[in-house]
Amino acid sequence: MSQIRRHSDTPLTAKVQKRLKNVVKKASYSSRYHELRLKGKHPLRLLGTPKDPWAGSIAAGSHIISNRFYCEGQILRNPAHDTGAWEGGEIWQVDTLDQKWAEHLHSFCWLRDLNRVVDRNAARRRAMDLMRHWLAEFDQWHDLTWSPDIIGRRIINWMAYAPLILDSNDLIYRSKLLNCLARQARHLYHSSDDYGRGLPRMRAIGGLILAGLYIPYGENWLKRGTRLLQEALTTEILPDGGVASRNPEDLYRILRGLLVVRASYKAMGHDVPSGLTPALARMTALLKSLIHGDGRLALFHGASEQNAQDMAATIAFSDADADQETGVICLDGEQSGFRRLEQEGTVIIADTGPPADVEVSYNGHASTLSFELSQGLHRIIVNCGCASSLPDMPDMDLYKLSRSTAAHSTVVLNDKNSSALRKDGLIGDGPTLVTSDRTEEKGHHLLDMSHDGYQVRFGVTHYRSLYLNDTGLDIRGEDRLQRRMLQTSDNLKAPHFDIRFHVHPDVTVSLQSGDDKVLLRLPNGDYWQFQCAGASLALEESIYLGEVARLQNCRQIVLSGTAADPETVVKWSLRRIERH
C-alpha cells in the first residue's frame with residue numbers, strides 16, 4: 001500500500017523572512033554593483049546552437065508576420081489600431097499584459113512558430129525587428145522580464161533560433177545581442193537562490209547550462225548549472241519520475257527541457273551528468289502512464305490535453321536518445337500520487353495523492369481521489385480541466401471554479417473543497433494522508449484509495465474502490481464515507497454528499513427508465529450504461545476545459561445523498577452494452 005503525506009505549510013516567520021530577502025535582492029539587482037557583475041568577456045559568436053525537435057505553429061507564425069501574436073488559442077490584438085496590429089516595438093511598451101502573455105512574449109518561445117513560416121526572409125526581418133526593439137527596452141535588469149525562469153527560456157530560444165535573429169550584417173546589432181545573452185547568463189549565475197521550485201527552477205537551470213555549453217567563456221556557468229541540475233534531480237524529480245507540483249503538464253515541459261539539455265551535453269562533447277538519463281527514463285515512463293488512448297494528457301492539477309503529435313514526438317525523442325542500461329522502470333506513480341488501470345484499450349487514471357506541497361501548489365486542484373476514464377480514442381469520464389488560458393468572466397471566477405473539488409469526478413461534501421484554495425493562489429489545508437493499493441490478477445484490476453481531507457470539518461474519511469475487469473468493458477466503483485461525530489456546532493448535522501462524474505462533451509448522455517440508469521453513447525457508436533445504488537441520480541450541466549482556451553458545454557452524472565450513518569456506501573458501475 002502506498003501512503004503519501006503532505007508536508008505542513010511554511011511557518012509565518014519564514015514567509016516574512018523570505019519576503020524581506022526578495023525585497024533586498026530586487027534592490028541589489030537594480031544597483032550599480034550588480035551591473036558591474038554582469039560585465040565580462042564579450043562573446044563574438046556562438047559555439048553552436050541547441051536543436052529544438054518540436055515543430056511550431058505555421059498559423060501562429062503567420063500571425064506574427066502580420067504584426068499580431070497568437071498563444072494558446074488566443075490572438076493578442078492592439079487596441080490602439082483598428083486592425084489589431086502591433087507595429088514596430090509597440091508590443092514591448094505595454095505594461096498591462098497578464099502573466100501568460102508576458103511570459104509568452106518575453107521568453108521568445110514564439111520564435112519556434114516564426115521559424116515555420118515559409119517566407120524565411122520575412123520571418124527573419126520580423127524576428128530581428130522585434131529583437132532590436134526588445135534590446136532597446138530590456139537590455140538592463142527588469143523585475144519581470146529578467147526573472148530566472150523567463151531568462152532561462154529566452155536564452156535557449158535565442159540560441160536555438162539564432163539563424164532567425166543573428167543572420168545580419170549589422171555588426172553593432174549582433175554584438176549587442178550576443179553581449180545581452182552573456183549578461184543574462186551572468187545574472188542566472190549570480191541569482192541561483194531565486195530560481196524557486198518546480199518548472200521555473202528547471203527552466204532557469206536549463207538556460208544556465210545551455211549558456212555554458214554554447215557561449216564562449218561559459219565554463220563557470222556550466223559547472224554551476226550542472227551542480228544545480230544534479231541537486232534538482234533529487235528534489236524536483238520523484239523516485240517514480242513524477243514532479244513536485246503533481247501537474248502532468250509540468251512533467252511534460254520539464255521532460256522536454258531536460259531532453260534538450262541532455263542532447264546538448266552530448267552534442268558539445270561533454271559527459272551527461274550522472275542521474276540525468278535514469279531520471280529522464282523514469283519521467284518518460286510516468287508520462288506515458290498519464291496519457292489516454294487519444295495520445296493526450298489526463299487533466300489533473302492544471303494540465304491541459306496538449307497536442308498528441310508533440311507528445312508522441314517527445315516520447316520518441318526520449319526513447320531514441322536514451323541509454324539502454326537505465327534499470328527497471330515502474331509505470332505506476334506511487335510516489336507522485338497517480339495510479340493507472342489499463343485493460344484492452346480501457347484506461348483509468350486516478351489522483352491518489354494529496355495536493356502538492358504549498359510552495360509548488362500554484363496550479364494545484366482540490367481533486368484528491370478523482371479519476372478519468374477512456375476507451376480507445378474516446379474519453380468518457382473526465383475532470384473539467386483548467387481555465388488558466390481563458391479570459392476572466394464577469395459573473396464568475398472560472399479559474400477558481402476549475403480548481404474546485406466539484407470540477408472533478410470525485411466526492412464533494414456540503415459543496416466544500418477537499419483542499420482549501422487560498423487567496424494567494426496556493427493550496428491550503430486539505431488531505432494530509434492519502435492511501436492507495438493497486439492489485440492485479442489475471443487481467444482483473446482493483447484500486448483501493450482513501451483520503452482524510454474532510455476529517456477536520458465533517459469527521460468523514462472518503463474511501464473509493466475502482467474495479468476494471470479482464471475485458472476492459474466492465475468498471476465498478478464504490479464510494480464509502482466513514483463518519484465519526486464531531487462535537488462542534490458545524491458538524492452536528494450529517495453532511496450532504498455529491499459524487500460527480502463529468503462526461504466528455506463528445507459523449508451523448510441520456511436518462512433511462514427508472515431512477516438509477518444513464519445511457520452514454522460514444523462517438524464511435526458504442527453504448528455504455530451507468531448504474532448506481534445507494535444515492536439519488538441526476539443529470540446536470542457541466543463544462544469542459546481540456547482543450548486550451550476553449551470552453552465546451554457537457555453533462556455530469558451526480559449521485560447525491562446524506563452521510564447520516566457511521567458508514568455510507570454508494571455503489572456504481574459502467575458497462576459497455578449491446579444496443580440495436
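When I say that two residues touch, I mean that they have heavy atoms within 4.5 Å of each other. The model we are looking at is a predicted one.

I will start with Gln306. It sits in the loop between helix 13, residues 276–289, and helix 14, residues 308–321. Not counting residues up to four places away in sequence, Gln306 touches Glu249, Tyr252, Arg253, Arg296, Leu297 and Met311. With one of these, Arg253, there is a side-chain to side-chain polar contact of 3.3 Å. Another polar contact, of 2.8 Å, runs from the side chain of Gln306 to the side chain of Ser304. Is Gln306 buried or exposed? Its relative accessibility is 14%, so Gln306 counts as buried.

In soluble globular proteins, nonpolar side chains tend to be buried together. Here the largest nonpolar core has 91 residues, and Trp158 and Leu229 have the most contacts inside it. Helix 10, residues 198–214, gives the largest share of this core, with 10 residues. Apart from it lies another core, of 42 residues, including Leu413, Leu468, Val507 and Ile557.

Back to Trp158. Leaving aside neighbours within four places in sequence, its contacts include Phe108, Met131, Trp134, Ile165 and Cys180.

Leu229 takes us to helix 11, where the buried residues are Trp221, Leu222, Gly225, Thr226, Leu228, Leu229, Ala232 and Leu233. They pack against helix 9, helix 10, helix 12 and helix 13. As a check on the length of helix 11, residues 219–235: at 1.5 Å a residue, its 17 residues should span 24 Å, and the end C-alpha atoms are 25 Å apart, which agrees.

Helix 4, residues 99–106, is mostly covered, with six of its eight residues buried. Those are Lys100, Trp101, Ala102, His104, Leu105 and His106. The cover over them includes strand 2, strand 3, helix 6 and helix 7. After helix 4 comes Phe108, which has a positive phi, near 60 degrees.

Now the aromatic rings. How many aromatic pairs does a search of the whole structure find? The search finds 16. One of them is Trp134 with Trp158, edge-to-face, at 5.4 Å centre to centre and 90 degrees between the planes. Trp134 is in helix 6 and Trp158 in helix 7, 24 residues apart, so this pair links distant parts of the chain. Both of these tryptophans, Trp134 and Trp158, are buried. Phe371 and Phe501 are both buried. Ring pairs also link Phe69, Trp92, Phe108, Trp110, Trp134, Phe138 and Trp158 into a cluster.

Last, the cysteines. A disulfide is a covalent bond between the sulfur atoms of two cysteines. The cut-off used is 2.5 Å between the sulfurs, and by that rule the count comes to zero disulfides. Cys532 is in no disulfide either, as the nearest cysteine sulfur, in Cys554, is 19 Å away. Cys71 counts as buried, at 8% relative accessibility, and Cys532 counts as buried at 8%.

Key. Residues are numbered from 1 along each chain as its sequence is written. This is a predicted model: local features need pLDDT of at least 70, side-chain atom pairs count only at pLDDT 80 or more; totals for chains, interfaces and linings use all residues. Side-chain values use heavy atoms; hydrogens and water are left out. Helices (H or I, at least four residues) and strands (E, at least two) are DSSP runs, numbered from the N terminus. Buried means under 20% relative accessible area, exposed over 50%, partly exposed in between (1.4 Å probe, protein chains only). A polar contact is a pair of N or O atoms within 3.5 Å; within protein, one must be able to donate a hydrogen and the other to accept it, and residues adjacent in sequence count only if both atoms are side-chain atoms. A nonpolar core is a set of buried Ala, Val, Leu, Ile, Met, Phe, Trp, Tyr and Cys residues joined through side-chain atoms within 4.5 Å. The expected span of a helix is 1.5 Å times one less than its number of residues. Rings of Phe, Tyr and Trp (its six-membered ring) pair if their centres lie within 6.5 Å; planes under 30 degrees apart count as stacked, over 60 as edge-to-face and the rest as tilted.
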